[in-house]
Amino acid sequence: DWHYFLSGAGALTGTSGLRVCAQMPDLQFGPLALVAAVPLRYLGPLHGWYVVSAAGMALGVVAIRVAESTAAELLGNDDDPALARAVLVGGAFVLAAWTSGAVTKGHPDDVLAMLGIAFAARAASQKRWLLTSLLVGLAAAAKPWAMFALPLAAAVPRARWRGPAVALVVAIVPWLPFLVADPKTLRVGSVHLPVNGLSTLHALGLAVGSTPAWPREAQLVVAVALGFLAVRRGTWWLVPIIAAAVRVNLDPAAVDTYGMGVIYGALVWELISTVRRWSPLISR
């Protein structure tokens, strides 16, 4: 799908300008991902894809390291061998899934969104509510589905409601120039995907090829509700996997790129929940 970023970046720097999202509503990614694609466009389609693929995989390694740091912060021990083993094994699965978004499908928007969520979880483990909120908002400005992780911004107790409010503002602000240039930019949210025969929605009874109008709203409501429940229970590190799993199970499409979020969220869950339970060093 790298060609979507090339055409969008070309339109942004060409005759469309800030009206690009209104004129090309099929660009299903945020302003930050669109702007990030602009310099890569000048490398040419093939070389730009090489660069974005290599950078995407490198950022996958960074995301794994961030997950390890998040777990170490919460567990209070970064030398635990159980944690190191979990990172080594789980990280291999993450990179295998990450390849789909970073290379095979060419989705730098999903890479940026996942990286933003990863760093937001790290900031939450450090109880830095403002940084957590900024990172969640930036992740959503790269790819709108990252807004499913909004409850992360409420992970720090003293910012239960301020955090999500700041995240929403940060996510919306990058869209404002496009909306001012052409209010029809709002049409981006009106694009409905047909139900794929391999999707969960089809397994639940929706006809293949139908285009229901409600999945995005349902995804947002369910993911945010479950995420806030996890935060209230004191297990906010479940928010990444909740956001990704809801996206997979309530989406009409069946794209293997979605799996990178689920596998990464599972790694965070594994590092914090399982290692905390079984590590002999931590149980002392």
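1. Let's start with one residue and its neighbours. Gln219 touches Phe148, Val246, Arg247, Leu250 and Asp251, leaving out residues up to four places away in sequence; touching, or contact, means heavy atoms within 4.5 Å. Gln219 sits in helix α11 (residues 215–232). Helices here are DSSP runs (H or I, at least four residues), numbered from the N terminus. Gln219 counts as buried because its relative accessible area is 4%; the cut-offs are under 20% for buried, over 50% for exposed and partly exposed in between, using a 1.4 Å probe and protein chains only.

2. A word on what you're looking at. This is a predicted model, in which local features need pLDDT of at least 70 and side-chain atom pairs count only at pLDDT 80 or more, while totals for chains, interfaces and linings use all residues. Residues are numbered from 1 along each chain as its sequence is written, and side-chain values use heavy atoms, with hydrogens and water left out.

3. Now go to helix α1 (residues 2–12). Eight of its eleven residues are buried, so α1 is largely enclosed by the rest of the structure. Those buried residues are Trp2, Phe5, Leu6, Gly8, Ala9, Gly10, Ala11 and Leu12. What covers them? The cover includes α2 (20–23), α3 (31–41), α4 (45–75), α6 (108–125) and α9 (176–181).

4. Next, a helix pair. Two packed helices are described by the angle between their axes and the distance between the axes. For α6 and α7, the angle is about 170° and the axes are 8 Å apart. The axes are lines fitted to C-alpha atoms, for helices over the stretch in contact, with angles from 0 to 180 degrees between N-to-C directions. That makes α6 roughly antiparallel to α7, going by these classes: under 35 degrees is roughly parallel, over 145 roughly antiparallel, 65 to 115 roughly perpendicular and the rest oblique.

5. Which residues meet there? On the α6 side they are Asp109, Leu112, Ala113, Gly116, Ile117, Phe119, Ala120, Ala123 and Ala124, and on the α7 side Leu131, Thr132, Leu135, Val136, Ala139 and Ala142. This contact divides into twelve nonpolar, two polar and one charged. Here Ala, Val, Leu, Ile, Met, Phe, Trp, Tyr, Cys and Pro count as nonpolar, Asp, Glu, Lys and Arg as charged, and the others, Gly among them, as polar.

6. On to the cores. The largest nonpolar core has 58 residues, and those with the most contacts inside it are Trp98, Ile117, Trp145, Leu152, Trp236, Tyr264 and Leu271. A nonpolar core is a set of buried Ala, Val, Leu, Ile, Met, Phe, Trp, Tyr and Cys residues joined through side-chain atoms within 4.5 Å. Two or more residues each come from α4, α5 (81–104), α6, α7, α8 (162–172), α11, α12 (239–249) and α13 (259–278). The largest share, ten residues, comes from α6. A second, separate core of 20 residues includes Trp2, Val20, Leu40 and Val188.

7. Zoom in on Leu152. Apart from neighbours within four places in sequence, Leu152 is in contact with Ile117, Ala120, Ala121, Thr132, Val136, Trp236 and Val239.

8. There are eight aromatic pairs in the structure. Rings of Phe, Tyr and Trp (its six-membered ring) pair if their centres lie within 6.5 Å; planes under 30 degrees apart are stacked, over 60 edge-to-face and the rest tilted. The Trp161 and Phe228 rings have centres 6.1 Å apart and planes at 35°, so this pair is tilted. Trp161 lies in the loop between α7 and α8 and Phe228 in helix α11, 67 residues apart. Trp161 is exposed, with a relative accessible area of 67%, while Phe228 is partly exposed at 23%. Trp236 and Trp237 make an edge-to-face pair, 5.9 Å centre to centre with 70° between the planes; Trp236 and Trp237 are both buried.

9. Finally, compare sequence with space. Ala72, in helix α4, is 199 residues from Leu271 in sequence, but their C-alpha atoms are 8.7 Å apart. Pro252 and Val262 are ten residues apart in sequence and 17 Å apart in space, C-alpha to C-alpha.
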